[in-house]
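Here is a short report on one protein chain. Please look over the sequence and the model before reading on.

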Amino acid sequence: MIRGSIAVLALALTATACGYTVQSTSGTEYLAKYPDQRAGATTARTDASIVQAASVEPNLQFPGRFGLARIINGQLSAIPDAEMALWADLARRNQGMGSFHSVSPLVAELTAQTVGLKPRTGASTTGQTVEKIRLGAARQHLDAVLIYEVGANSTRNATPFALADLTIIGGAFLPTRQIKAEGRATALFVDVRNGYPYGTAHGAADLSTLYGSWGAGRAEATARNLAIKAVVEDLMPNVNAMMVTLRRTSGPTTGRVEPSG
C-alpha cells in the first residue's frame, strides 16, 4: 500500500554535507523524458516499479498541518519533553508555516491494525515503521510529516548501534582509553498522502564531550537522554533552514533538487 516508504527513507541518508536538501521536481516531467518503449529497455517489471516510484508530484502548501515522528531503534517513539521543547521553539519561530503535531505511536499502531497492515517478507524494521507513521499521520489528518531518527557509532566499531545501548561506550570512557563516539540524526520531511520527499536534514554531535555525564554517577537513562538531546539540537538549525527554504520555493514546480545551507 505504501511501497515507496523504504526507498523514501533511504533518500534521507543521502543528505548533503551542507546540512539539508529540498526537492520540488515533478514525477510527470521526469517520466516524460523517457519513452515507454525503446531499444534496450529493461524488463517490464523493472520499468513498472520505476514508474510507480517516480509517479509522485509535490503538493506542499503553507500554512499546513504537519506532523513530528521520532524513530529510535527502528520503532516510532513518543517525543520526550526535552526534545519537544526544541520542536516547540522551532514552531514558535515559524508560526506562519502552520501547526505541528506529534504523531502518536498508539494511533499509528491502531491505525495499522485497522487497515490490516501486515509485515512484508524481507522488509526492514525501519521501513515498516515509516509505513505506520504515514498511516498514523493520515488518521490525524496531517499534510506532511517530519520523521527523524537518531543513532550513533564509534571509532572502535564502525557498525551503527542504537543510542538505547549507548552506555556500552560509557564503559570505555576510562582515563587512559577514551573511544571517540559520534551521534547522528537524520530527518525526512515527507508527504503523508503520496510519499513525496520534500526535504532531508541531518545533524551530528561529538558524544565524547559527555564523558562527565557517564562518570558522574548519573543514571544511565539520563546519560542517554543527554546524548540524544545533543544530537537533536545539532539537527534543529538544518531542519529550520530546510523548512524556510521549502516555504520560499513552494508553489510551481521548479524542476530541480536544491542542496542548500
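## Elements and overall make-up

Helices are DSSP runs of H or I with at least four residues, strands are runs of E with at least two, and both are numbered from the N terminus. This is a predicted model. On that count, the chain has nine helices and eight strands.

The chain holds 261 residues, and 43% of them are buried. It exposes about 13,400 Å². Carbon and sulfur atoms supply 54% of that area. Take the contacts between residues at least 6 apart in sequence: 79% of them join residues at least 24 apart.

## Val-115 and its loop

Where does Val-115 lie? It sits in the loop between helix 5 and helix 6. Helix 5 covers residues 105–114, and helix 6 covers 125–139.

Val-115 has a relative accessible area of 40%. Buried means under 20% and exposed means over 50%, so a value in between counts as partly exposed. Val-115 is therefore partly exposed. The C-alpha atoms of Val-115 and Leu-135 are separated by 8.8 Å. Along the chain, these two residues are 20 apart.

## The Phe-66 and Phe-100 pair

How many aromatic pairs does the structure hold? There are six. One of the pairs in the model is Phe-66 with Phe-100, whose ring centres are 5.7 Å apart. Their planes meet at 55°, so the pair is tilted. Planes under 30 degrees apart would count as stacked, and over 60 as edge-to-face.

This pair links distant parts of the chain. Phe-66 belongs to strand 2, residues 64–72. Phe-100 belongs to strand 4, residues 98–102. Is Phe-66 buried or exposed? Phe-66 is buried, because its relative accessible area is 0%. Phe-100 has a relative accessible area of 22%, so Phe-100 is partly exposed.

## The Tyr-196 and Tyr-198 pair

Tyr-196 and Tyr-198 also pair through their rings, with centres 5.0 Å apart. Their planes stand at 40°, so this pair is tilted. Tyr-196 is buried, with a relative accessible area of 1%. Tyr-198 is buried too, at 2%.

## The ring cluster

Which residues do ring pairs link into a cluster? They are Phe-62, Phe-66, Phe-100, Phe-189, Tyr-196 and Tyr-198. Within it, Phe-66 is buried, as are Tyr-196 and Tyr-198, whereas Phe-100 is partly exposed.

Notes:
Residues numbered from 1 in each chain as written. Predicted model: local features only at pLDDT ≥ 70, side-chain atom pairs only at ≥ 80, totals over all residues. Heavy atoms only, no water. Buried < 20%, exposed > 50% of the residue type's maximum accessible area, 1.4 Å probe, protein only. Contact = heavy atoms within 4.5 Å. Areas by Shrake-Rupley, 256 points an atom, 1.4 Å probe, with all protein chains shown as cover. Phe/Tyr/Trp six-rings, centres within 6.5 Å; stacked < 30°, edge-to-face > 60°.
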